[in-house]
Amino acid sequence: AYGSLVKMAFQLLAALWAWANAASFPPSSASRRAWRGLGLGLALVFVGQAWLARYQLPGQTAPFPTWADVAFVAAYLPLIGALVSFLSAYKSAGFPVAARGRDVVVTTLILAAGVTAAWPVLRAAVLAPGAGLAHGLGIAYPALDLLLLAPALLVLLAVLPFRQGAVGRIWLAIITGFAAWVAADLLFAWPSTAAWIGPVSNACYVLAYGFLALGARYQRRLLA
């Protein structure tokens, strides 16, 4: 119950701060699209978490899947789009980011490394007994995380030259948030009944949304 409330608080704060950041940029800019996409994605995650809260706040075990998963899956599209827009914004601003060819190579290597790391979870999810929507979502979440991780790490490579400044602090928080999110989803998808998996996965989700809110707040302070 406490974890659900903390997650919703971080999700809402992150969405509101991201949306406020978007309003600080010109309407046609990639930065505005990026922050708006991040805000929309986190708002969808908040909607999904609010649906689960009806079970979690009374101390019940939430069923899987539920209508919350519609919002969670839908959130990936604006989140991935936001990260691509962030990369475009840094390029259009003239920052010394990688060339397109290197982007393709780096993305391929990231996805290959991600698939290798996530393969035990993906394989276990695919081979786990069961069928239908729950089985499909158990596979879909880790796969979507890999698609989210690739542009996130490309943005991280783009801002490495500024890691000592305010921009680096913003992206350290945001990338840490996405990394914790991926870790939480991989643990959630792991078909095991071990008692520690649920609490650790829940803690990773709290960290994920907390760091995303922190990154959005750092950007807000930079623009103020």
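# Contacts, rings and helices in a predicted model

Reader: Which residues does Ser 31 touch, not counting residues up to four places away in sequence?
Author: Ser 31 touches Phe 25 and Ala 89, with residues up to four places away in sequence not counted. Please note that this is a predicted model.

Reader: Where does Ser 31 lie, and does it count as buried or exposed?
Author: Ser 31 lies in helix α2. The relative accessibility of Ser 31 is 18%, so Ser 31 counts as buried.

Reader: Let me step back. How many helices and strands does the protein chain have?
Author: The protein chain comes to seven helices and zero strands. Read from the N terminus on, the elements run α-α-α-α-α-α-α.

Reader: What percentage of the 224 residues count as buried?
Author: In the protein chain of 224 residues, 44% count as buried. The accessible surface comes to about 11100 Å², and 71% of that surface belongs to carbon and sulfur atoms.

Reader: And the contacts between residues at least 6 apart in sequence: what percentage join residues at least 24 apart?
Author: Among those contacts in the protein chain, 75% join residues at least 24 apart.

Reader: Now helix α1. How many residues does α1 have, and how far does it reach?
Author: Helix α1 covers residues 2-22 and has 21 residues. From its first C-alpha to its last, α1 reaches 30 Å, which is close to the 30 Å expected at 1.5 Å a residue.

Reader: Which residues of α1 are buried?
Author: The buried residues of α1 are Gly 3, Ser 4, Lys 7, Met 8, Gln 11, Ala 14, Ala 15, Ala 18, Asn 21 and Ala 22. These residues cover an arc of only 165° around the axis, so they are on the same side of α1. On the other side of α1, Tyr 2 and Leu 16 are exposed.

Reader: What covers the buried residues of α1?
Author: The cover includes α2 (30-56) and α7.

Reader: Switching to rings. How many aromatic pairs are there?
Author: The count comes to seven aromatic pairs. In one of them, Tyr 76 and Trp 181 have ring centres 6.4 Å apart and planes at 50°, so the pair is tilted. Tyr 76 belongs to helix α3 (residues 68-92) and Trp 181 to helix α6 (residues 166-189), so this pair ties together parts that are 105 residues apart in sequence.

Reader: Are Tyr 76 and Trp 181 buried or exposed?
Author: Tyr 76 and Trp 181 are buried.

Reader: What about the rings of Tyr 205 and Tyr 209?
Author: The ring centres of Tyr 205 and Tyr 209 are 6.2 Å apart and the planes are at 15°, so the pair is stacked. Both residues lie in helix α7 (residues 197-223), four residues apart, which is about one turn of the helix. Tyr 205 counts as buried because its relative accessibility is 13%. Tyr 209 also counts as buried, at 4% relative accessibility.

Reader: Which residues form the aromatic cluster?
Author: One aromatic cluster is formed by Tyr 76, Tyr 141, Phe 178, Trp 181, Tyr 205 and Tyr 209.

Reader: Which ring does the charged end of Arg 169 sit over?
Author: The charged end of Arg 169 sits over the ring of Tyr 218, 4.1 Å from its centre. Arg 54, in turn, lies over the face of Trp 51, at 4.5 Å from the ring centre.

Reader: Back to Tyr 205. Which residues is Ala 184 in contact with, leaving aside its neighbours within four places in sequence?
Author: Ala 184 is in contact with Tyr 205, Ser 201 and Cys 204, leaving aside those neighbours. Ala 184 lies in helix α6 and counts as buried at 0% relative accessibility. The C-alpha atoms of Ala 184 and Val 200 are separated by 7.7 Å, and these two residues are 16 residues apart along the chain.

Reader: And Val 73, which residues does it touch, not counting residues up to four places away in sequence?
Author: Val 73 touches Leu 137, Tyr 141 and Leu 144, with those residues not counted. Val 73 is found in helix α3 and counts as partly exposed at 30% relative accessibility. Val 73 and Val 45 are 28 residues apart in sequence and 8.7 Å apart in space, C-alpha to C-alpha.

Reader: Last one: where does Leu 160 lie?
Author: Leu 160 lies in the loop between α5 (133-159) and α6. At 35% relative accessibility, Leu 160 counts as partly exposed.

How values were computed: Residues are numbered from 1 along each chain as its sequence is written. This is a predicted model: local features need pLDDT of at least 70, side-chain atom pairs count only at pLDDT 80 or more; totals for chains, interfaces and linings use all residues. Side-chain values use heavy atoms; hydrogens and water are left out. Rings of Phe, Tyr and Trp (its six-membered ring) pair if their centres lie within 6.5 Å; planes under 30 degrees apart count as stacked, over 60 as edge-to-face and the rest as tilted. Helices (H or I, at least four residues) and strands (E, at least two) are DSSP runs, numbered from the N terminus. Buried means under 20% relative accessible area, exposed over 50%, partly exposed in between (1.4 Å probe, protein chains only). A charge sits over a ring if NZ of Lys or CZ of Arg is within 6 Å of the ring centre and within 35 degrees of the ring normal. The expected span of a helix is 1.5 Å times one less than its number of residues. The arc is that of the directions from the helix axis to the C-beta atoms. Contact means heavy atoms within 4.5 Å. Accessible areas come from the Shrake-Rupley method with a 1.4 Å probe; for residues, only the protein chains shown count as cover.
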